[in-house]
Amino acid sequence: MKFATKAIHAGVHPDPATGAIMTPIYQTSTYVQRSPGDHKGFEYSRTHNPTRSQLQAAVAALDNGKHGLAFASGMAAIDCVVKLLQPGDEVISTNDLYGGTYRLFTKVYEPLGIKFHFVPMHNMDAVRAVAGPKTKLIWVETPTNPLLNVIDIAAAATVAKECGALLAVDNTFSTPYLQTPIDLGADIVMYSLTKYMAGHSDTVMGALVVNDDELHQRLSFLQNACGGTPGPQDCFLVLRGLKTLHLRMQRHCENGRAVAEYLRQHPKVEKVYWPGFDNHPNHAVAARQMRDFGGMISFVLKGDRQADAIAVLEKFQYFTLAESLGGVESLSGHPASMTHASIPAEQRRKSGLSDSLIRLSVGIEDAEDLIEDLAQAIG
Ligand SMILES: *Cc1c(COP(=O)(O)O)cnc(C)c1O
């Protein structure tokens, strides 16, 4: 089955009771048993819920994986993976990690005795330098936020195999439309379904996809034991969103290219970060592992003044200033004062996060309108 057909059909089937084409929202906490233990596979909705089961199957199919697990948020999905570890275990991750993941790793799990190495993972030598027998998890996020570095998933899989670690990939920015990490050697794929997967900025959810039966059992045990599961209504919304994932992603990519190219020739723009440019430092890796380059773009203004960036952000008509990304509507953000404000200014500048850096999540509106909006805001 090809991708678009999977997005619509995989994992879902008409309701056996009524023939309803769309997966019903099974808004129930429990299920009747004829006699103790005699039931239809559903006992309690933290453990199993039919709406969630269909979503889990759909997400797994899109990622060419065997098993899907849904969570109440992307963070709950990541938390479930870290709970596979023991004190003394080591994790390698990238130094421009999603802020929430960095917070979970350093504020929750470091005090419990897990050691984290944050290295520039687009340079695999930096990963090898800290990898060893204690490495139990390599956590990749690609492309990264907001500088759009691209990490080589297949190369990370080789390092993970060498030290007997699991490789997990946060695929939130790419979605399975752009890249399928399991095909590149990853053990676990993680999503904030909140973003492109659900795609309509109307729900918060997360997911994991794995191939290995034993790994699935361990994660499934944690999902039920720790209880960070989503409700059926939210599962329904994500299922509905997935049906247009391919169409939305196609337009996000087309609009992303148009916006990136417009910004690149703008006299007031100093630099544009977008992995589709052939002079992007990781373009070759991106071209190899991704099917297109997505709609996430960052840019820096000439002179690099924060006040100029804020003036642009205040003038936007369609690029609404808000946290989050991946919805049908275009969004803008200012990492230096929003998502990355807690990092000291000096350190921000060192990692290339300029004061005038603006991050765009390019939506699926008409590209002409988006470019007109950029033109009037940048001036
Ligand atoms: C949003 C996001 C998360 C966290 O997901 P939530 O659904 O907000 O909990 C993790 N990783 C990336 C890359 C994200 O963008």
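## Close-up views of a two-domain predicted model

**View 1. A cavity between two domains.** Domain 1 (3–242) and domain 2 (245–378) both contribute lining residues to the second largest cavity, so this cavity lies between them. The model is predicted: local features need pLDDT of at least 70, side-chain atom pairs count only at pLDDT 80 or more, and totals for chains, interfaces and linings use all residues. Residues are numbered from 1 along each chain as its sequence is written, and side-chain values use heavy atoms, without hydrogens or water. The domain bounds come from an automatic or database domain assignment. The second largest cavity holds about 50 Å³ of space. Its lining is Pro143, Leu148, Phe173, Leu178, Met290, Phe293, Gly294, Gly295 and Met296. Seven of these count as nonpolar, two as polar and none as charged. (On a 1 Å grid over the protein atoms alone, a cavity is a set of points where a 1.4 Å probe fits but cannot get out; a pocket is an open set with protein on both sides within 12 Å along at least five of seven lines; lining residues have an atom within 4 Å of a point.)

View 2. The centres of domain 1 and domain 2, taken over C-alpha atoms, are 26 Å apart.

**View 3. The largest cavity.** This cavity has a volume of about 80 Å³. It is lined by 13 residues, and Glu323, Gly333, His334, Thr339 and Arg359 are the closest to its centre. The lining divides into four nonpolar, seven polar and two charged residues.

**View 4. The second largest pocket.** About 220 Å³ of space lies here. Among the lining residues are Tyr26, Tyr31, Arg34, Asp38, Lys40 and Phe42. By class, the lining has five nonpolar, three polar and three charged residues.

**View 5. Aromatic pairs.** The structure holds nine aromatic pairs. (Rings of Phe, Tyr and Trp, the last by its six-membered ring, pair if their centres lie within 6.5 Å; planes under 30 degrees apart are stacked, over 60 edge-to-face, the rest tilted.) Phe116 and Phe118 are stacked, 6.2 Å centre to centre with 15° between the planes. Trp274 and Phe277 are edge-to-face, at 5.2 Å and 80°. Both Trp274 and Phe277 are buried (under 20% relative accessible area; exposed is over 50%, partly exposed in between, with a 1.4 Å probe and protein chains only). Tyr102, Phe105, Phe116, Phe118 and Trp139 form one aromatic cluster.

Note on methods
Grid points are joined across faces, edges and corners, and a volume is the space filled by probe spheres set on the points. Ala, Val, Leu, Ile, Met, Phe, Trp, Tyr, Cys and Pro count as nonpolar, Asp, Glu, Lys and Arg as charged, and the others, Gly among them, as polar.
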